[in-house]
Amino acid sequence: MSEIDIRKQGRIGRITLTRPKALNALSYEMSLAIEAALDAWAPDPEVGMILIDAEGDKAFCAGGDIAVMYETGTRGDYAYGQKFWRDEYRMNAKLFEFPKPVVSLMQGFVMGGGVGVGCHGSHRVVGESSQVAMPECGIGLVPDVGGSLILARAPGRMGEYLGVTGRRMGPADAIYAGFADYFLPEAEWPALRDELIATGDWEAVDRAARTPPPPGELEALQPRIDALFAGERLLDIVNALSTEGSGFALSALKVMERNSPLAMACAIEMQHRLKGSDDIRRALALEYRFTYRAPEHSDFLEGIRAAIIDKDRKPRWKHPGLDAVPGADVARMLMPLGEYGLKLEEELQ
C-alpha cells in the first residue's frame with residue numbers, strides 16, 4: 001500500500017498521508033513526493049489551491065520516520081540523516097512559501113515532522129481530537145522542520161516554554177500559539193472537503209469555521225510563562241522555575257529533567273536568535289546546523305534508543321544535569337557549517 005496519495009481532484013491538488021497504522025509518520029520518500037507535487041502544482045493553472053489531509057483518526061502525522069536514522073547513525077553513517085533533513089527542510093520551505101492557498105486538516109497527533117507538513121499552510125484547521133506538539137528535546141533533538149520559527153513567533157515566551165517541555169496543545173491552544181488558524185468540528189470536515197474539491201474556494205474554510213474550540217489553557221498561563229521563561233540560558237530558566245516553586249513551575253521542571261539538556265539549551269538559543277523573524281529559510285538553516293551534527297555530536301541517537309528502540313525511557317545524556325551545559329557546547333552545535341550548510345537560496349532558485 002502506498003504511503004501517500006497525491007492527485008488532482010476538481011479544482012485542487014490533494015495530498016493525503018496514508019500510513020494510519022504508523023500514525024502517518026513521514027518517511028523520506030513521502031517528503032520527496034510532497035516536494036514533487038508542490039513543484040508541479042505551483043505553475044499549474046488547473047490547481048487553485050492544495051488540500052493536505054490524512055487517513056485514520058489517531059494522527060495527521062505523529063512525526064518523522066526516524067528508525068532508519070538510528071540504524072545508519074549507529075553504524076557511523078551520518079550521511080543518510082543529513083540528506084533526509086536537507087531534503088525535508090527544502091520541502092518545508094516550499095510549503096511555507098507556496099504561492100497558492102494551502103489548507104491542512106489536522107486531526108489527532110500533529111508532532112515534529114507533522115508540524116512541518118501541516119502547520120506551514122495558509123489555512124490550518126484543527127478539530128476536537130487535535131494534539132499539536134514539538135517534543136524533539138525528549139529525544140535529544142531540537143524543534144525543527146520550521147517549527148523553530150513558529151515557536152519564535154508565539155506570544156511572549158510561549159515558544160521557549162513549548163519548545164523545552166514539548167507540551168501538547170489542544171485546538172484552542174494550538175491556535176493561540178500560532179500552529180493553527182481555525183477550529184472546525186471533525187464531523188464537518190467531509191462537507192468542507194467536498195466543497196473545496198468542487199469549487200477550489202479556500203474561503204469556504206473561513207465560512208465553515210464558526211464554532212469556538214473547547215477552552216484552552218495557554219492564554220491564561222501567558223503572564224506566568226513570560227516571567228519564568230525569560231532567561232537568556234537554560235540555567236537561568238531552571239533557576240527561575242526552582243525559585244518560584246509553584247505547582248506549574250515544578251511540573252515544567254519535572255518534564256525538563258527528562259529531556260536532553262543540550263537540546264533544550266540549543267532550542268532556547270535558537271528561539272532567541274529567531275525572535276522577530278518571519279524568514280523560514282533562516283530558521284531552517286539554523287535548525288540544520290544542529291541536525292547535521294546531531295547523530296555524531298548530540299544526544300539524538302541515545303534519545304531514539306531510550307524512547308523507540310529499547311524503550312527503557314532511561315537515556316544517558318551527555319550532560320548530567322540541567323545546570324551542566326557550557327555555553328561553548330551550545331555554540332559548537334549552532335556554528336555555521338560552511339560549505340555543508342543548508343543554502344536554500346541556491347536550492348530554491
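This is a predicted model: local features need pLDDT of at least 70, side-chain atom pairs count only at pLDDT 80 or more; totals for chains, interfaces and linings use all residues.

User: Is methionine 335 buried, partly exposed or exposed?

Analyst: Buried requires a relative accessible area under 20%, and exposed one over 50%. Methionine 335 has a relative accessible area of 42%, so the residue counts as partly exposed.

User: Which residues is methionine 335 in contact with, leaving aside its neighbours within four places in sequence?

Analyst: Glycine 147 is 188 residues from methionine 335 along the chain, and the two C-alpha atoms are separated by 19 Å. Contact needs heavy atoms within 4.5 Å. With the sequence neighbours within four places set aside, the contacts of methionine 335 are Arg289 and Arg293.

User: How many residues of helix H6 are buried, and which helices do they pack against?

Analyst: H6 spans residues 158-165 and is mostly covered, with eight of its eight residues buried. Among them are Met158, Tyr161, Leu162 and Val164. After H6 comes glycine 166, with a positive phi near 65°. The count is eight of eight, and the packing partners are helix H5 (147-153), helix H7 (171-177), helix H10 (218-228), helix H12 (247-256) and helix H13 (261-274).

User: Which element supplies the largest share of the lining of the largest pocket?

Analyst: The largest pocket has a volume of about 1,200 Å³. Elements that each supply at least two lining residues are helix H2 (67-73), helix H3 (79-96), strand E6 (109-111), H6 and helix H15 (300-309). The largest share is five residues, and it comes from H15.

User: Which residues lie nearest the centre of the largest pocket, and what is the make-up of its lining by class?

Analyst: The lining consists of 40 residues, and those nearest the centre are Pro135, Ile139, Ala307, Ile308 and Arg313. By class, the lining of the largest pocket comes to 23 nonpolar, nine polar and eight charged residues.

User: What is the volume of the second largest pocket, and which element gives the most to its lining?

Analyst: The second largest pocket has a volume of about 220 Å³. Its lining has 14 residues, and Arg233, Leu234, Val325, Gly327 and Val330 are the closest to the centre. Two or more lining residues come from each of helix H11 (234-244), H13 and helix H16 (327-333). The volume is about 220 Å³, and the element that gives the most, with three residues, is H13.

User: What is the make-up by class of the lining of the second largest pocket?

Analyst: Sorted by class, this lining has one polar residue and four charged residues. The nonpolar count is nine.

User: How far apart in sequence are the parts tied together by arginine 193 and aspartate 53?

Analyst: The structure holds 28 salt bridges. In one of them, arginine 193 meets aspartate 53, with the closest N and O atoms 2.8 Å apart. Because arginine 193 is in helix H8 (residues 189-199) and aspartate 53 in strand E3 (residues 49-54), the pair ties together parts whose separation in sequence is 140 residues.

User: Are arginine 193 and aspartate 53 buried or exposed?

Analyst: The cut-off for buried is under 20% relative accessible area. Arginine 193 has 18%, and aspartate 53 has 2%. Arginine 193 is therefore buried, and aspartate 53 is likewise buried.

User: Which helices hold arginine 207 and glutamate 195?

Analyst: The side chains of arginine 207 and glutamate 195 form a salt bridge, 3.1 Å from N to O. The two residues are 12 residues apart. Arginine 207 is partly exposed at 41% relative accessibility, and glutamate 195 is partly exposed at 33%. The helices are H9 (residues 203-208) for arginine 207 and H8 for glutamate 195.

User: Which helix holds both arginine 273 and glutamate 269?

Analyst: Their side chains meet in a salt bridge of 2.8 Å, N to O. Arginine 273 is partly exposed at 30% relative accessibility, as is glutamate 269 at 22%. The two lie four residues apart, about one turn of the helix, and that helix is H13.

User: Which domain annotation covers residues 12-333?

Analyst: The end C-alpha atoms of this span lie 41 Å apart, and the span is 51% helix and 10% strand. According to the unreviewed UniProt entry, the annotation is "domain: Enoyl-CoA hydratase/isomerase".

Conventions. Residues are numbered from 1 along each chain as its sequence is written. Side-chain values use heavy atoms; hydrogens and water are left out. Buried means under 20% relative accessible area, exposed over 50%, partly exposed in between (1.4 Å probe, protein chains only). On a 1 Å grid over the protein atoms alone, a cavity is a set of points where a 1.4 Å probe fits but cannot get out, and a pocket is an open set with protein on both sides within 12 Å along at least five of seven lines; lining residues have an atom within 4 Å of a point. Grid points are joined across faces, edges and corners, and a volume is the space filled by probe spheres set on the points. Ala, Val, Leu, Ile, Met, Phe, Trp, Tyr, Cys and Pro count as nonpolar, Asp, Glu, Lys and Arg as charged, and the others, Gly among them, as polar. UniProt positions are given in the numbering used here, feature names are shortened, and annotations may be inferred rather than shown by experiment. A salt bridge is a side-chain nitrogen of Lys or Arg within 4 Å of a carboxyl oxygen of Asp or Glu.
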